[in-house]
Amino acid sequence: TADGLVRRDAQGALEVFDSGRGLPTNQINAVLVHADGRVIVGTSAGLAVGNGSEDFTTLGFVDGMPGRAVYDLTLDAAGEVWLRSDDGLARLLGAQ
């Protein structure tokens, strides 16, 4: 989507997360919800990590991510998050 990320709460209210709430851009390419509650979002301008109810923290090239855009996110059997960017693969380390 090009309009950010939308979350629906238990009462049905919608909350929009976009570049004003910590996403690097509103162009969302991939979303992964980790078992630990983190919401990991791949965008055309980097990665964003949040807890699903607050603003996101952005990770990008300066943080060690290969490339700029994140196209896919996957979780392996050990619970590690892997991403595919426009310049290679990477594993998200720790509780980032």
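This is a predicted model: local features need pLDDT of at least 70, side-chain atom pairs count only at pLDDT 80 or more; totals for chains, interfaces and linings use all residues.
Arg21 forms a salt bridge with Glu15, with 3.2 Å between the closest N and O atoms. Arg21 is partly exposed, because its relative accessibility of 22% falls between the limits of 20% and 50%. Glu15 counts as partly exposed as well, at 21% relative accessibility.

**Salt bridges**

The count of salt bridges comes to 6. Glu15 takes part in another of them, where its side chain meets that of Arg7 at 2.8 Å, N to O. Arg7 has a relative accessible area of 30% and is partly exposed. Arg7, Glu15 and Arg21 belong, with Asp55, to a network of salt bridges. In general, side chains of opposite charge can pair when their charged atoms come close.

A further salt bridge joins the side chains of Glu80 and Arg91, at 3.7 Å from N to O. Glu80 sits in the loop between E7 and E8, whereas Arg91 is in strand E9, so this pair ties together parts that are 11 residues apart in sequence. Glu80 is partly exposed, with a relative accessible area of 25%, and Arg91 is partly exposed at 40%.

| Glu15 | Arg7 | 2.8 Å |

**The E7-E8-E9 sheet**

The strands E7 and E9 named above are parts of an open sheet of 3 strands, in the order E7-E8-E9, with antiparallel pairing. Its edge strands are E7 (70-75) and E9 (88-92), each of which pairs on one side only. On average, neighbouring strands of the sheet are turned by 25° against each other, direction ignored. Strands of a sheet pair through backbone hydrogen bonds, either parallel or antiparallel. Between E7 and strand E8 (residues 81-85), which run antiparallel, there are 5 bridges. Within this part of the sheet, Val70 stands opposite Ser85 in E8.

**Asn29 and its surroundings**

Leaving aside residues up to four places away in sequence, Asn29 touches Gly42, Thr43, Ser44, Val70 and Tyr71. Asn29 is partly exposed, because its relative accessible area of 29% lies between the limits of 20% and 50%. Its C-alpha atom is separated by 15 Å from that of Asp87, which is 58 residues away along the chain.

**Aromatic pair**

The count of aromatic pairs comes to 1. Phe17 and Phe56 form this pair in an edge-to-face arrangement, 5.4 Å centre to centre and with 85° between the planes. Phe17 lies in strand E2 (residues 14-17), and Phe56 lies in the loop between strand E5 (46-50) and strand E6 (57-59), so the pair ties together parts that are 39 residues apart in sequence. Phe17 counts as buried, because its relative accessibility of 2% is under 20%. Phe56 is buried too, with a relative accessibility of 8%.

Technical notes:
Residues are numbered from 1 along each chain as its sequence is written. Side-chain values use heavy atoms; hydrogens and water are left out. Buried means under 20% relative accessible area, exposed over 50%, partly exposed in between (1.4 Å probe, protein chains only). Contact means heavy atoms within 4.5 Å. Rings of Phe, Tyr and Trp (its six-membered ring) pair if their centres lie within 6.5 Å; planes under 30 degrees apart count as stacked, over 60 as edge-to-face and the rest as tilted. Helices (H or I, at least four residues) and strands (E, at least two) are DSSP runs, numbered from the N terminus. Two strands pair if DSSP finds at least two bridges between them. Axes are lines fitted to C-alpha atoms, for helices over the stretch in contact, and angles run from 0 to 180 degrees between N-to-C directions. A salt bridge is a side-chain nitrogen of Lys or Arg within 4 Å of a carboxyl oxygen of Asp or Glu.
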